[in-house]
Amino acid sequence: MYTRQEQQQAARQARQRLWITFLPAALVFAAAVTVFVIGVGNRDADAWKLPAALTLAAGVYAIFFFGVYAKPMLSYAKHINYMLDGRLRETTGYLTQFSENLSERNGVECHAIMINVGEKDDREDDRLYYYDAKKLPLPFEMGTRVTVVSNDMMVAQLRSEG
């Protein structure tokens, strides 16, 4: 499901988003320091007001953009790294449920799927996994015997077992 090309692209995009998040904030903070040093050098009593506002603006910008712009991509890049290079395990069973509702797992939007590993379709044999929402549609029908390769309940690969 995941490729090295996707891994490289996600890492590149995460770095780009970090630059877009923190470079402008660093420039505004550097401007605040410069304005403060010039103000203190001129013995201005109100030299702290503009630098304080600039520092606050830089901090708010950095925190906001990190939370809504950079962190989701960092989480997805980390997810891809786990799916390709992490410790994986295989489970074989019958695909029994697929949830249309999105849920968030480790910063990645996904759909819950249920695999039954037993012979008698007992509820105790159900195993819950999370399927990446960006990888839709699910390639198999319900009731198909599949092998799930997973890392911490996240599906890294899903293949049919005929």
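Predicted model: local features only at pLDDT ≥ 70, side-chain atom pairs only at ≥ 80, totals over all residues.
Is Lys49 buried, exposed or partly exposed? I started my notebook with that one, and I found that Lys49 is partly exposed, because its relative accessible area is 44%.

**Entry: the partner of Lys49**

I looked for what Lys49 touches and found a salt bridge with Asp46, where the closest N and O atoms are 3.6 Å apart. I checked Asp46 too, and it counts as partly exposed at 44% relative accessibility. I then looked up the tally for this kind of contact, and it is six salt bridges.

**Entry: the overall layout**

I stepped back to see the whole chain. I get two helices and five strands. Going along the sequence, I read the order as α-α-β-β-β-β-β. I then looked up the radius of gyration, which is 24 Å, while the globule rule gives 15 Å for 162 residues, so the chain is more spread out than a compact globule. The box around the C-alpha atoms, taken along the principal axes, is roughly 85 × 30 × 25 Å.

I also wanted to know how much is tucked away. Buried residues account for 31% of the 162 residues. For the accessible surface I have about 10300 Å², with 56% of it belonging to carbon and sulfur atoms. On contacts, I took those between residues at least 6 apart in sequence, and 57% of them join residues at least 24 apart.

**Entry: a nonpolar patch**

Which residues make the nonpolar surface patch of about 580 Å²? I listed Phe29, Val33, Phe36, Val37, Val40 and Trp48. Phe29 counts as partly exposed because its relative accessibility is 43%.

**Entry: rings along helix α2**

I moved on to the aromatic side chains. The count I have is four aromatic pairs. In one of them, the rings of Tyr61 and Phe65 have centres 4.5 Å apart and planes at 35°, so I noted this pair as tilted. Tyr61 and Phe65 are four residues apart in helix α2 (residues 49-85), so about one helical turn separates them. I noted Tyr61 as partly exposed at 24% relative accessible area, and Phe65 as partly exposed at 28%.

Phe65 also pairs with Tyr69, this time edge-to-face, with 6.4 Å centre to centre and 80° between the planes. Phe65 and Tyr69 are again four residues apart in helix α2, so they too are separated by about one helical turn. Tyr69 is partly exposed, with a relative accessible area of 27%. Which residues form one aromatic cluster here? I wrote down Tyr61, Phe64, Phe65 and Tyr69.

**Entry: salt bridges further along**

I went back to the charged side chains. Glu90 and Arg159 meet in a salt bridge, at 3.0 Å from N to O. This pair links distant parts of the chain, since Glu90 sits in strand β1 and Arg159 in strand β5, 69 residues apart. Glu90 is exposed because its relative accessible area is 53%, while Arg159 is partly exposed at 29%.

Next I checked Arg123, which forms a salt bridge with Asp126, the closest N and O atoms being 3.3 Å apart. Here I noted that Arg123 is exposed, with a relative accessible area of 59%. Asp126, on the other hand, is buried, at 15%.

**Entry: positive phi in two loops**

What is the phi of Asn106? I have a positive value of about 55°, although Asn106 is not a glycine. I traced Asn106 to the loop between β1 (89-105) and β2 (108-116). Asn106 counts as exposed because its relative accessibility is 55%.

Met153 gave me another such value, with phi near 70°, positive in a residue other than glycine. I found Met153 in the loop between β4 (145-151) and β5 (154-160). Met153 counts as partly exposed, at 30% relative accessibility.

Technical notes: Residues numbered from 1 in each chain as written. Heavy atoms only, no water. Patch = residues over 30% accessible without salt bridge, like charges linked within 9 Å, V, L, I, M, F, W, Y side chains within 5 Å. Areas by Shrake-Rupley, 256 points an atom, 1.4 Å probe, with all protein chains shown as cover. Salt bridge = Lys/Arg side-chain N within 4 Å of Asp/Glu carboxyl O. Buried < 20%, exposed > 50% of the residue type's maximum accessible area, 1.4 Å probe, protein only. Rg over C-alpha atoms; globule rule 2.2 N^0.38 Å. Contact = heavy atoms within 4.5 Å. Phe/Tyr/Trp six-rings, centres within 6.5 Å; stacked < 30°, edge-to-face > 60°.
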